[in-house]
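Here is a briefing for a first look at the structure. Start with the sequence and the model below.

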Amino acid sequence: MNSIADSTPAVIPTQLPKTSSKTERTEQIAHVLATWLQTRLEPSALEWLARQSEKISQGDRKGLFLSFGLVPRKTGKSDLNLSSEELQAAHKVRPGWHPEAWSVDQAARTWLILQWRHRTAGELLSVLDPLFNAGEVRELVALYSALPLFPYPEAHQQRCEEGIRSNIRSVLLAIVYDNPYPAENLCNNSWNQLILKTLFNDISLSGIWAVDQRNNPELVDMLLDFAEERQAAGRQVPLDLWRPMVRFLNSRATHKLQQLLESGNPTEQRAAFLTLVESNSGANFDGPASASQLRDEWETGQLTWELLVPRTVS
Amino acid sequence: MAFIDPHIHMVSRTTADYEAMAAAGVVAVIEPAFWQGQPRTTAGSFQDYFATLVGFERFRASQFGIRHYCTIGLNSKEANNERLADEVMEMLPLYLTKEGVVAIGEIGFDDQTALEEKYLRLQLELAVEVDLPILIHTPHRNKKRGTYRTMDIIEDLGIAPHRVVIDHNNEETCKEVLDRGYWCAFTIYPRTKMGNERVVEIIRQYGTERVIIDSSADWGVSDALAVPKTARLMEQAGITKDQIEIVTYQNALAAYSPSGQFREEDWLNPTPIDQRTLFQGNSVLRGGQSPRVDEAGEELIIR
């Protein structure tokens, strides 16, 4: 496959080395990435990538580390600007993969890692760990965004948890936004930390993949404590703090939401209404004069979490 | 006026410094890898330090709209621990090729021992291999001899002087450094290095060609605003704006741009991905503030 590297126009291999242990999905992901790069990069960059791939697939660790760092110098740093067909292809090979904001260097870096041969999770981690440990900001963004694309999902849990502790905002965003890995793989405690950390950093929950699927009673208690802490400090409570309580309301939560619905400001009333109505809580909506208006907005799709608390941009 | 501080150790500075620097017009900084005031004892400490330089510190700067770059190298003091030095040498190639690494440095002499020379030479050769500019730290003690000896070694290896910034110069070293064709940097650092009244005189005497002003502010008593303050002092001394811009911005840009990692567009017109990842709080991109330095008075003078 790699011999194609010498032909013109340059073509980069679109399949993983045959000896690599892999799932069909990983192979498809590599293929999709290669297709995107193919149509966007100059021949010289494609040739360079093909040469690196050859080295990496033969087990050249140093080659992977060096080329991973050098990628932007060869590919530039433009956005991929994927078409809707290309995005659909991404979603098809990896449900939940949303590379809308990916750049060419990010795609090339991910593709290079997928060229590494491995028969076990340990063999894959033997290159992923050093890359993570020495990563500069944009490298870390690329690595964490690619977590859902790597095989052996169970082997990356600790790494994902480590990333959630990061104080580098763009790194945190790479994990929490448009990334199906956390929702699919984290235990409740780590998921709850992710939600809290997101809110704590003033990042809207709206960009989190499957944000409404992992709600749990413990998270509700943590969020209520957080809300009270903010109130005690005279700080604003994020509007979407209530969102993960949907379907898991306890009496303390219901009481607070009812209060908010009656005496909060208009946006707080909307957040409270959404939480209560989506929980089928049987709450009493007669109180506020505006309740029927909120119900109208909700029924006509004008009141959603995404509209109320839009995605954070950066 | 926009400034570059091409030598400052931000890991030791507070967010108040970052705020003041941004307000004073500093748009980009270069953070050379150095020692941390006391010797490290394990290679892991270096690994995490280098990772911080290309990771968290880059982010921290971005919050204030300042673009952060670094140089990577084994400093002269810690070159004297041979076992450790060998381990650090082994990890350098991984970091030298990272985004935003604009030179190998700061390297050079401290006590001028044989081990210091060994690792200086090895790193100079490495700089040639990876095609990066070089930042030289000149020693505090026996300075003149150490500076000349460093240049002799560089020339012995056939490295062109325009690839090399020699830093921490003073009245005694600068003529030779300039005559031999190197970038000649002055560190405005109270008491132990250069004062800014003195540097004004030096610029009057030698001009601005290949002259660079920096702060080297670190964990010691130093001044993160040394570059903008010196610019103000030069203005008061009647040095033209063009000349001030050359020594506080243009020359640093020219000296480190051969790395391919130091471009004006990075902060003037960043790519969308850079804008998303590295400009969370950029005041330049979000409407801007009017740059200022503390008004004249004793504050402005660094002796």
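Which side chains meet in a salt bridge at 2.9 Å, N to O? They are those of Arg276(B) and Asp79(A). A salt bridge here is a side-chain nitrogen of Lys or Arg within 4 Å of a carboxyl oxygen of Asp or Glu.

This is a predicted model, where local features need pLDDT of at least 70, side-chain atom pairs count only at pLDDT 80 or more, and totals for chains, interfaces and linings use all residues. Residues are numbered from 1 along each chain as its sequence is written, chains are lettered from A and ligands numbered from 1 in the order in which they are written, and side-chain values use heavy atoms, with hydrogens and water left out.

**The salt bridge**

- The pair crosses between chains: Arg276(B) sits in helix α12 of chain B, and Asp79(A) in the loop between α3 and α4 (84–93) of chain A. Helices (H or I, at least four residues) and strands (E, at least two) are DSSP runs, numbered from the N terminus.
- Side chains of opposite charge can pair when their charged atoms come close.
- Between chain B and chain A the count is 7 salt bridges.
- The whole structure has 48 salt bridges over all chains.

**The interface**

- On chain B, 27 residues are in contact (heavy atoms within 4.5 Å) with 25 residues of chain A.
- The two chains bury about 2,300 Å² between them, 57% of it on carbon and sulfur atoms. Buried area is the accessible area (1.4 Å probe) that two parts lose on being put together, summed over both.
- Glu99(B), Ile273(B) and Arg276(B) supply 27% of the area that chain B buries against chain A, more than any other three residues.
- There are 13 residue pairs in polar contact between the chains, both residues at pLDDT 80 or more. A polar contact is a pair of N or O atoms within 3.5 Å; within protein, one must be able to donate a hydrogen and the other to accept it, and residues adjacent in sequence count only if both atoms are side-chain atoms.
- α2 (43–54), α3 (56–62), α4 (82–96) and α12 (272–278) of chain B each supply at least two residues of the side that touches chain A.
- α12(B) gives the most to that side, with 6 residues.

**Helix contact in chain A**

- Arg61(A), Leu64(A), Phe65(A) and Phe68(A) in α3(A) meet Ser126(A), Val127(A), Pro130(A) and Leu131(A) in α6(A).

**Backbone details**

- Most residues other than glycine have a negative phi, and most peptide bonds are trans.
- Phi of Asn81(A) is near 50 degrees, a positive value in a residue other than glycine. Asn81(A) lies in the loop between α3 and α4 of chain A.
- The peptide bond from Gly105(B) to Glu106(B) is cis, with omega near -10 degrees. Glu106(B) belongs to strand β4 (residues 101–108) of chain B.
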